[in-house]
Amino acid sequence: MAPMPSVQALERALDILEAFSPGQYEMGITELSQRVNLSPPTVSRLVQTLVARGYLVQNPGNKKYHLSLKFLDLVAVIQAERDLYKVSLPVLARLRNRLKETVYMDVRDGGERVCFFSLPGLHPVSTVVPVGQRSPLYAGADARVLLAFLDDGEIESYLQRTELKAFASSTITERDRLWEEIRTCRLFEAAVSINEFHQGSACVSAPVRDFSGLVVASLSVSFPDSRADRETLLSYARSVRQAAGEISAALGCRGLQN
């Protein structure tokens, strides 16, 4: 079956971008056409699209094209993810060893939280949060932290397109109640949930911020609901907020109180 035109155009555009190299960092339409084995008119159309999207820049002197600095933004995203893992792992290890509970970090992927990495608990009976686990942003403290620090308009947009379905006995399925929990999370820089996403599981979470103050992840401790008494919840909340603040500081965030 022939490839869809849009897929074919994407592949050709990627071929053009990958044609550039340190030894040939600037090329005109004719040179690019020869490198990617496409006609000059086709290359010209694709190049103009890449220019419009900011991925290519034309040198006004010789009319040739080169990659733009926009690629540094993509590199920054990759580097930020690596930095997040690098600075977080020792903090999570200390937190897990102190609490002996499962600790993990989530990032947001659209309307879901995704477990970025996880360290299993040391108690004989512990919860399991596998890497790659997903849940909607309204279900559970770990996800709610990622939702709460979006701007109100983005939250409203998310709620308008999302059906609030129950996953466990205490899943929040009422918009007004969810907004109350969002405001509480913002006030205390932490969230608590019991039996919201998995029955029998409790969670305490806190936001992790980058150098600009933007929430880029949630740090959480998960444990059986049988251990979720008030004293334990308060103690875990202090520990998780402190650990999240330590990671945030390592990422360059300043001025937050924990």
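Six strands make up an open sheet, in the order β6-β5-β4-β9-β8-β7. The pairing is antiparallel. Its edges are β6 (134-136) and β7, and each of these pairs on one side only. On average, neighbouring strands of this sheet are turned by 30° against each other, direction ignored. The model is predicted. The mean pLDDT of the protein chain is 91, and 93% of its residues reach 70 or more. Within the chain, confidence is highest in β7, at 98. Confidence is lowest in helix α4 (residues 70-99), at a mean of 80.

Three bridges join β6 to β5, and the two strands run antiparallel. Here Arg-113 stands opposite Ser-135 in β6. Strand β5 is mostly covered, with seven of its eight residues buried. On to β4. Seven bridges hold β4 and β5 together, again antiparallel. One of the facing pairs is Val-107 with its bridge partner Val-114 in β5. The two strands form a hairpin with two residues between them. In that turn, Gly-110 has a positive phi of about 65°. In a regular strand, side chains alternate between the two faces of the sheet.

Four bridges join β7 to β8, which run antiparallel. Ser-193 has Cys-203 in β8 as its bridge partner. Between β7 (191-194) and β8 (201-209) runs a loop, and Asn-195 sits in it. Asn-195 has a phi near 55°, a positive value in a residue other than glycine. Is Asn-195 buried or exposed? Its relative accessible area is 9%, under the 20% limit, so Asn-195 counts as buried.

Helix α5 lies across β4 (102-109), β5 (112-119), β6, β7, β8 and β9 (215-224). It runs at about 30° to β8. How many of the residues of α5 (residues 141-148) are buried? Eight of the eight are, so the helix is largely enclosed by the rest of the structure.

Ser-205 is placed in strand β8. At 0% relative accessibility, Ser-205 counts as buried. Its side chain reaches the backbone nitrogen of Asp-142 at 3.1 Å.

Helix α8 (residues 230-250) has 21 residues. From first C-alpha to last it reaches 30 Å, close to the 30 Å expected at 1.5 Å a residue. Asp-229 caps the N-terminal end of α8. A side-chain oxygen of Asp-229 lies 3.2 Å from the backbone nitrogen of Glu-231. Just after α8, Gly-252 takes a positive phi of about 105°. An α-helix has 3.6 residues a turn, so residues three or four places apart point the same way.

There is another sheet. Three strands form an open sheet in the order β1-β3-β2, with antiparallel pairing. The edge strands are β1 (26-27) and β2 (56-58), each pairing on one side only. Two bridges join β1 to strand β3 (residues 65-67), and these strands run antiparallel. Met-27 stands opposite Tyr-65 in β3.

One more asparagine is worth a look. Asn-37 lies in the loop between α2 (29-36) and α3 (40-52). Its phi is near 60°, a positive value in a residue other than glycine. Is Asn-37 buried or exposed? With a relative accessible area of 69%, Asn-37 is exposed. Asn-195, also with a positive phi, is buried at 9%.

Note on methods
Residues are numbered from 1 along each chain as its sequence is written. Side-chain values use heavy atoms; hydrogens and water are left out. Two strands pair if DSSP finds at least two bridges between them. Buried means under 20% relative accessible area, exposed over 50%, partly exposed in between (1.4 Å probe, protein chains only). The expected span of a helix is 1.5 Å times one less than its number of residues. A polar contact is a pair of N or O atoms within 3.5 Å; within protein, one must be able to donate a hydrogen and the other to accept it, and residues adjacent in sequence count only if both atoms are side-chain atoms. pLDDT is the predictor's confidence in each residue, from 0 to 100. Axes are lines fitted to C-alpha atoms, for helices over the stretch in contact, and angles run from 0 to 180 degrees between N-to-C directions. Contact means heavy atoms within 4.5 Å.
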